[in-house]
Amino acid sequence: MADASNKQLNSIWTPANVITCVRILFIPLFMALALLSHRGALDFDPTLSLAAFVLYMLLSLTDKVDGYLARSRNEITDFGKFLDPIADKLLVFSALLILLQQNTVNIWFVFIILLREFLVSALRMVASANGVVVAADKLGKWKTATTMVSLCGYLLSFVLFAYGVYFASMLLILSQALMVIAVFLTVVSGLQYFWNCRKVVFRV
């Protein structure tokens, strides 16, 4: 059930939740476009790579839209709380899997990010069972923002490669550097979560 402070809702299908569901439904389309656009090492179809980039940008922006709608309309539901982080993680890992398949991101980066998400999700479940709410902190938000900017940079560089823009390589290198920073923040923020909840995790 939603928080008691929220108004009575007759359905879980609020505008925010509908947008979240649409975001999830369009992720496979993004993956299909991205996969079909790749013709070889740094060789991409112009139209398909551009479509994949634009769609990914739109899906990324809807995360802010559904959050704003839920808060401004006082329609925060447990269904939305459950589904929104799933949509966020699917969006990130769909792009990471594409980059992994195209050999443009290190497999250990993907493993570290995936491991952190599993561990923090498990931590939140344990903490919740003990009546402790683990909210996202600033470091975690910076990690998410850096990861999304890096992923969008990768996808945009593929578009630039497809159209033969000369600074495509520079953007790709910048995106790779941002991914290194994102992985570093992933590790540090994950350790911070566990440190802050050490009394819950390590108590007998």
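At 70% relative accessibility, Asn-103 counts as exposed, because the cut-off for exposed is over 50%. Asn-103 sits in the loop between H3 and H4. Its backbone deserves a look too. Phi of Asn-103 is near 60°, a positive value, and the residue is not a glycine. As background, most residues other than glycine have a negative phi.

One caution before going on. This is a predicted model.

Where is Leu-42 found? It is in the loop between strand S1 (38-40) and strand S2 (43-44).

Now the overall layout. The protein has 7 helices and 2 strands. Along the sequence, the pattern reads α-β-β-α-α-α-α-α-α. There are 204 residues in the protein, and buried ones make up 39% of them.

Next, the record. An unreviewed UniProt entry carries the annotation "transmembrane region" for residues 12-36, 90-115, 148-167 and 173-195. Let's take two of those spans and check them against the model. Residues 173-195 are 100% helix and 0% strand. The end C-alpha atoms of residues 173-195 lie 33 Å apart. Now residues 90-115. Here the span is 81% helix, again with 0% strand. The end C-alpha atoms of residues 90-115 lie 14 Å apart. Keep Asn-103 in mind at this point: it is in the loop between H3 and H4.

The largest nonpolar core has 36 residues. Which residues have the most contacts inside that core? They are Phe-30, Tyr-56, Leu-96, Leu-151, Tyr-154, Phe-158 and Met-179. H1, H2, helix H3 (78-101), helix H4 (107-129), H5 and helix H6 (168-196) each supply at least two residues of this core. H5 gives the largest share, 10 residues. Why does the core lie between the two domains? Because domain 1 (13-103) and domain 2 (105-203) both give residues to it.

Stay with helix H5 for a moment. Gly-153 is found there. At 10% relative accessibility, Gly-153 counts as buried, because the cut-off is under 20%. Look across to Leu-174. Gly-153 and Leu-174 are 21 residues apart in sequence, and their C-alpha atoms are 7.8 Å apart in space.

Last topic, empty space. Rolling a probe the size of a water molecule over the atoms shows where such space is left. How many cavities of 30 Å³ or more are there? The count comes to 1. The largest cavity has a volume of about 40 Å³. Its lining is made up of Ala-34, Ser-37, Ser-49, Ala-52, Ile-98, Gln-102, Leu-155 and Phe-158. Helix H1 (15-37), helix H2 (46-72) and helix H5 (138-162) are the elements that give two or more residues to this lining. By class, the lining has 5 nonpolar residues, 3 polar and no charged ones.

How values were computed
Residues are numbered from 1 along each chain as its sequence is written. This is a predicted model: local features need pLDDT of at least 70, side-chain atom pairs count only at pLDDT 80 or more; totals for chains, interfaces and linings use all residues. Side-chain values use heavy atoms; hydrogens and water are left out. UniProt positions are given in the numbering used here, feature names are shortened, and annotations may be inferred rather than shown by experiment. Helices (H or I, at least four residues) and strands (E, at least two) are DSSP runs, numbered from the N terminus. On a 1 Å grid over the protein atoms alone, a cavity is a set of points where a 1.4 Å probe fits but cannot get out, and a pocket is an open set with protein on both sides within 12 Å along at least five of seven lines; lining residues have an atom within 4 Å of a point. Grid points are joined across faces, edges and corners, and a volume is the space filled by probe spheres set on the points. Ala, Val, Leu, Ile, Met, Phe, Trp, Tyr, Cys and Pro count as nonpolar, Asp, Glu, Lys and Arg as charged, and the others, Gly among them, as polar. A nonpolar core is a set of buried Ala, Val, Leu, Ile, Met, Phe, Trp, Tyr and Cys residues joined through side-chain atoms within 4.5 Å. Buried means under 20% relative accessible area, exposed over 50%, partly exposed in between (1.4 Å probe, protein chains only). Domain bounds come from an automatic or database domain assignment.
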